[in-house]
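Take a look at the structure below.

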Amino acid sequence: MAVTEAFYVPAGDGRYESTDWTRGPWSPDHQHAGPPSALLARELRRAGAIPDAHPARVTFEVLQPIPIAPVRVAARILRPGRRVELVEGELRDDDGTPLVLARGWHLRREPMDLPEPGGAPPAPPETGDPRIAFPGQHDVGWHAAMDIRFVAGAFDRPGPATAWFRMRGELVTGEAPSPMDLLFCAADAGNGISAVLDFGRHAFVNTDLSVHVRRAPEGEWVALDSVTALSRDGTGQADSALYDTRGPIGRAVQSLLVTER
């Protein structure tokens, strides 16, 4: 399916119309957490005062399901500085109800003669399987707006998995997607690609997402090498190593709540 739309359409004054491409697997009426995380991370970067800052870590607190409806985003500097700043933001619905909170540390970039991060990327995206068996019950959504290539595991194969992600369209209408937009749009997929339970019998929803960025991503592909670990208390964690085609770029971690359907 060709995707030519964006996840969001600007409506002025920090307001965005959410398109059907934001739809996630848990409900036909709610968004996948990837697109709103990317939209909020974009707002944090725009609010910062350090020019071309490096977003070293962003944590998202998902307060409740995010409807496929108009949303508003806003951000501010919480701790200013010339080299380091802490920025916080929130995504709300049209009634002003907070849906996602975020805080991120921005660091000033200074070119230095330092060793590159070690490690090789996974097998390249062109070797991956483009066929996906997404667990949702609908054709239009986040999974269709992303080009997903599994090089290990699969949505319908329990256990660890590695997959490459590329955005087919734009995050916001009229803006070419950046590698950072892609990173945050994909980083929330770790618990989905590495699920260890049957989607039809269980829900395993993340309450948060923390993304640590070692270096800025490059290019149009980002990979997640993900593992999910659960406890008998109905809780768990998904841990994803993040890559671009050059090598490692960071890590994403999600706290999981497991429930029976």
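A salt bridge here is a side-chain nitrogen of Lys or Arg within 4 Å of a carboxyl oxygen of Asp or Glu. The model is predicted. E110 and R108 meet that criterion through their side chains, with an N to O distance of 2.6 Å. E110 is partly exposed, at 44% relative accessible area. R108 is partly exposed too, at 32%.

Side chains of opposite charge can pair when their charged atoms come close. How many salt bridges does a search of the whole structure find? The count is 19.

Next, turn to E17 and R15. Their side chains form a salt bridge at 3.0 Å, N to O. E17 is partly exposed, with a relative accessible area of 32%. R15 has a value of 19% and is buried, because buried means under 20%.

Now consider R45 and D181. Their side chains also meet in a salt bridge, at 3.0 Å from N to O. This pair links distant parts of the chain: R45 lies in helix 1 (residues 34–47), D181 in helix 3, and 136 residues separate them. R45 is partly exposed at 26% relative accessibility. D181 is buried at 5%.

The buried residues are M180, D181, L182, L183, F184, C185 and A186.

One group goes beyond a pair. D147, R149, R166, R168 and E220 are joined in a network of salt bridges.

Notes:
Residues are numbered from 1 along each chain as its sequence is written. This is a predicted model: local features need pLDDT of at least 70, side-chain atom pairs count only at pLDDT 80 or more; totals for chains, interfaces and linings use all residues. Side-chain values use heavy atoms; hydrogens and water are left out. Buried means under 20% relative accessible area, exposed over 50%, partly exposed in between (1.4 Å probe, protein chains only). Helices (H or I, at least four residues) and strands (E, at least two) are DSSP runs, numbered from the N terminus.
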